[in-house]
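Q: Please take a close look at one strand in this structure, and then at what surrounds the ligand.

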Amino acid sequence: MALIGPANRRSEAKAEKTAAVIGAGISGLVAAYRLRQKLGTEADIVLVDPDLIGGQLRTVELGGGPFDVGAEAFVRRRPEMVQLLEELGLSDLMVLPAGLRPIVWAGGAAHSLPAGSLMGLPTSGESIRGFVSDEAVEWVNSEPTHPFTWESGSDCSVAELVGDRFGAEVVERCVDPLLGGVYAGTSETAGVRAALPTLAAALDAGAPNLTAAVVTAMGAPQSGPVFSGIEGGYQRLVEELIRQTEPRIASVAAQGIVRYGSQWTVTNVGTFDIVVVAVRPAIASALLDREVPAAASALSRIPAASAVVVALALQDSVLPDLSGVLVASGESLRAKAFTFSDRKWPHLRERPNPVIRVSFGKFGDESILDETDENLVKYALEDLRTVTGIETTAADYVVQRWVSALPQYLPGHLDVVAEIEEAIYAQPGLAIAGSYLNGVGVPACVGTATKAVNRLLG
Ligand SMILES: Cc1cc2nc3c(=O)[nH]c(=O)nc-3n(C[C@H](O)[C@H](O)[C@H](O)COP(=O)(O)OP(=O)(O)OC[C@H]3O[C@@H](n4cnc5c(N)ncnc54)[C@H](O)[C@@H]3O)c2cc1C
């Protein structure tokens with residue numbers, strides 16, 4: 001095993017504390033950075049990861065410049081990423097989107113995305129008129145007049161709640177394209193409480209019907225852009241976190257965690273005072289099976305979806321003035337979303353060829369992973385032609401497969417998370433972080449990693 005990093009300084013004098021972070025995606029990187037802040041320069045911090053540092057933050061070369069093929073943006077209305085970039089001295093890298101909107105491909109045609117919804121849930125039938133049938137509009141308009149019960153603290157799938165109150169068409173056309181973009185799942189697999197926490201809170205607080213709950217959950221309209229990106233790609237953040245943390249890096253897969261007195265042995269790597277587990281749930285479950293079986297069992301109940309991103313630099317084409325296309329459930333396209341990156345992000349417009357991302361993959365269907373790169377590029381171009389009429393070829397491409405990368409927030413997810421955390425934090429020196437705890441977005445991962453270290457070290 002190669003342990004790379006500035007170990008000499010630390011091995012000469014005995015390090016005050018030793019810590020291993022298993023998994024070097026954003027969750028693990030931020031956990032390591034926070035450990036460095038809390039433990040000081042003398043602590044020996046080892047980042048364990050067999051793959052490229054950054055996990056689902058991956059920046060590649062495409063069409064003559066850096067391009068993100070995992071996460072490409074973050075929600076700037078949440079504080080965690082904005083604060084982290086500020087702390088690291090990277091605020092200047094934050095870039096704003098051009099403010100274009102996506103369209104939705106539904107019923108074999110392009111539609112404008114209705115404005116003012118909560119993850120696709122409308123505030124009235126009128127707000128989605130023209131996008132769904134007149135029957136669906138009437139259904140939503142009359143929703144407040146139908147008897148409604150919600151047991152405070154209960155949970156169900158988004159499809160169950162929205163299908164029952166607004167009808168299946170609203171589920172497929174309005175909600176699924178947005179939920180699919182975030183979780184690679186559908187409203188059938190997303191639990192209300194985890195996927196729409198503000199809606200669950202409004203229902204718990206006694207909203208008389210779903211329409212009223214949506215209005216309350218949306219709150220006052222917020223101004224300013226929702227998202228930011230990073231100039232130069234997420235790699236800039238990954239590199240800066242490594243530079244400021246100065247961890248040693250063990251380029252191996254951790255095989256297990258064993259308690260050894262008051263310390264923890266990470267098989268293959270070493271023995272540590274502190275271990276933070278920042279890998280996906282199935283792997284965390286296998287690692288913790290021996291010492292924390294209650295956490296391992298709960299972790300094994302969180303399934304994940306795989307996704308594929310086909311990044312393309314297009315030959316001689318002009319993209320429409322849209323940020324991209326979301327695809328409703330049940331369409332005959334293979335792609336589930338298109339991001340017209342050079343329209344969406346002004347800083348990508350200088351490339352010689354327009355660059356786009358085409359995303360594939362839905363929870364429960366792994367078949368897309370078996371397709372060859374050539375086929376995936378072909379499907380991406382065919383589907384692009386269907387939704388835009390643009391007939392083009394690829395000047396350059398990168399195909400990135402993300403296997404079991406996106407945890408599913410099923411109904412009851414928050415109870416599973418509570419079980420995991422209770423079992424883990426009963427163990428001194430052990431913590432967990434990851435996108436399955438408090439949201440899949442990068443800011444949520446930054447938040448859980450910070451929380452994990454605070455729980456360990458106060
Ligand atoms: C296609 C796609 C697009 C996305 N777009 C966005 C977006 O625009 N905005 C946003 O906010 N979020 C987005 N996300 C979600 C976000 O990128 C992820 O939730 C987040 O990056 C996950 O970080 P993580 O550190 O928890 O996990 P990961 O990034 O998966 O890191 C886990 C690490 O663990 C390592 N590992 C695995 N097994 C072992 C082992 N045995 N020992 C040691 N290490 C191991 C892996 O190699 C990996 O590096 C997107 C995700 C995907 C897949």
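A: Two strands pair if DSSP finds at least two bridges between them. Strand β16 (residues 304-314) and β19 meet that condition, with 6 bridges in the antiparallel sense. The model is a predicted one.

The strand to look at is β19, which covers residues 355-360. Of its 6 residues, 6 are buried, so the strand is largely enclosed by the rest of the structure. Buried here means under 20% relative accessible area. The side chains divide by direction: Val355, Arg357 and Ser359 point one way from β19, while Ile356, Val358 and Phe360 point the other way. The residues on both sides are buried.

The pairing can be followed at single residues. Ala313 has Val355 of β19 as its bridge partner. Strand β18 (residues 337-339) is also joined to β19, by 3 bridges, and these two strands run antiparallel. Here the bridge partner of Thr339 is Arg357 in β19.

A separate case is an open sheet of 3 strands in the order β6-β10-β7, with antiparallel pairing. Its edges are β6 (74-75) and β7 (94-95); each has a single partner strand, so one side of each is left without a neighbour in the sheet. Between β7 and strand β10 (residues 227-230) there are 2 bridges, in the antiparallel sense. Met94 stands opposite Ile230 in β10.

Now the ligand. There are 33 residues around it, and those that come nearest are Ser27, Asp49, Ala73, Val440 and Val442. By type, the shell holds 20 nonpolar, 9 polar and 4 charged residues. At least two residues of the shell come from each of α2 (26-39), β20 (394-407) and α16 (442-457). The helix α16 gives the most, with 3 residues. In terms of domains, at least three shell residues come from domain 1 (3-56 + 236-302 + 409-457), and at least three from domain 3 (304-407).

Backbone atoms also lie by oxygen atoms of the ligand. For Val440, a backbone N or O atom is 2.5 Å from a ligand oxygen atom. For Ile26, a backbone N or O atom is 3.1 Å from a ligand oxygen atom. A polar backbone atom of Glu72 is 3.1 Å from an oxygen atom of the ligand. Taken alone, the ligand exposes 1000 Å², and the protein buries 86% of that.

Terms used:
Residues numbered from 1 in each chain as written. Predicted model: local features only at pLDDT ≥ 70, side-chain atom pairs only at ≥ 80, totals over all residues. Heavy atoms only, no water. Near = heavy atom within 4 Å. Polar contact = N/O pair within 3.5 Å; in protein donor to acceptor, adjacent residues only side chain to side chain. Areas by Shrake-Rupley, 256 points an atom, 1.4 Å probe, with all protein chains shown as cover. Helix = DSSP H or I, 4+ residues; strand = E, 2+ residues; numbered from the N terminus. Nonpolar A, V, L, I, M, F, W, Y, C, P; charged D, E, K, R; others polar. Domains from an automatic or database assignment. Buried < 20%, exposed > 50% of the residue type's maximum accessible area, 1.4 Å probe, protein only.
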